[in-house]
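Hi everyone, thanks for coming. Let me put today's structure on the screen, and then I'll walk you through it.

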Amino acid sequence: MAKFKAGQIVKHLKFGYRGVVYQADEEFALSDEWYEQVARSRPPKSAPWYHVLVDKGLHTTYVAERHLSTSGDRSQIQHPSLGEYFESFDGLGYHPRTLH
């Protein structure tokens, strides 16, 4: 079961950047090729992974749960794609857009 949910602000434990989760996968969902090239520490594929909008960046990341923690900094994330995934910020996190 995923520890973090869409809209939650997280911090990468190794690289220190903040971001907001916009999607959670119960287990690794990208290609084996991506895993071999990018996931150098070989986190478990059977544990949750997260799609994250990186604060003050233009990119997203895909991160294993073991590399994330809740961010103590609750300030808003700065990312150009926030509006695609979230409709509001309540001071604690973001509220995902509702699909109609």
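This chain has seven strands and two helices, and please keep in mind that what you see is a predicted model. If you trace the chain from the N terminus, the order of elements is β-β-α-β-β-β-α-β-β. The radius of gyration is 13 Å, close to the 13 Å that the globule rule gives for 100 residues, so the chain is as compact as a globular protein of that length. Along the principal axes, the C-alpha atoms fill a box of roughly 35 × 35 × 25 Å.

How much of the chain is buried? Of its 100 residues, 41% count as buried. The accessible surface comes to about 6,100 Å², and carbon and sulfur atoms account for 52% of that surface. As for contacts between residues at least 6 apart in sequence, 51% of them join residues at least 24 apart.

On to charges. There are 12 positive side chains and 12 negative ones, and the centres of these two sets are 8 Å apart.

Now for two residues in loops. Please find Arg 42, in the loop between helix H1 (32-38) and strand S3 (49-54). Arg 42 is not a glycine, yet its phi is positive, near 55 degrees. With a relative accessible area of 36%, Arg 42 is partly exposed.

Then look at Lys 56, which sits in the loop between S3 and strand S4 (60-64). Lys 56 also isn't a glycine, and its phi is positive at about 60 degrees. Is Lys 56 buried or exposed? Its relative accessibility is 63%, so Lys 56 counts as exposed.

Conventions: Residues numbered from 1 in each chain as written. Predicted model: local features only at pLDDT ≥ 70, side-chain atom pairs only at ≥ 80, totals over all residues. Heavy atoms only, no water. Helix = DSSP H or I, 4+ residues; strand = E, 2+ residues; numbered from the N terminus. Rg over C-alpha atoms; globule rule 2.2 N^0.38 Å. Buried < 20%, exposed > 50% of the residue type's maximum accessible area, 1.4 Å probe, protein only. Contact = heavy atoms within 4.5 Å. Areas by Shrake-Rupley, 256 points an atom, 1.4 Å probe, with all protein chains shown as cover. Lys, Arg positive; Asp, Glu negative; His and termini not counted. Charge placed at Lys NZ, Arg CZ, Asp CG, Glu CD.
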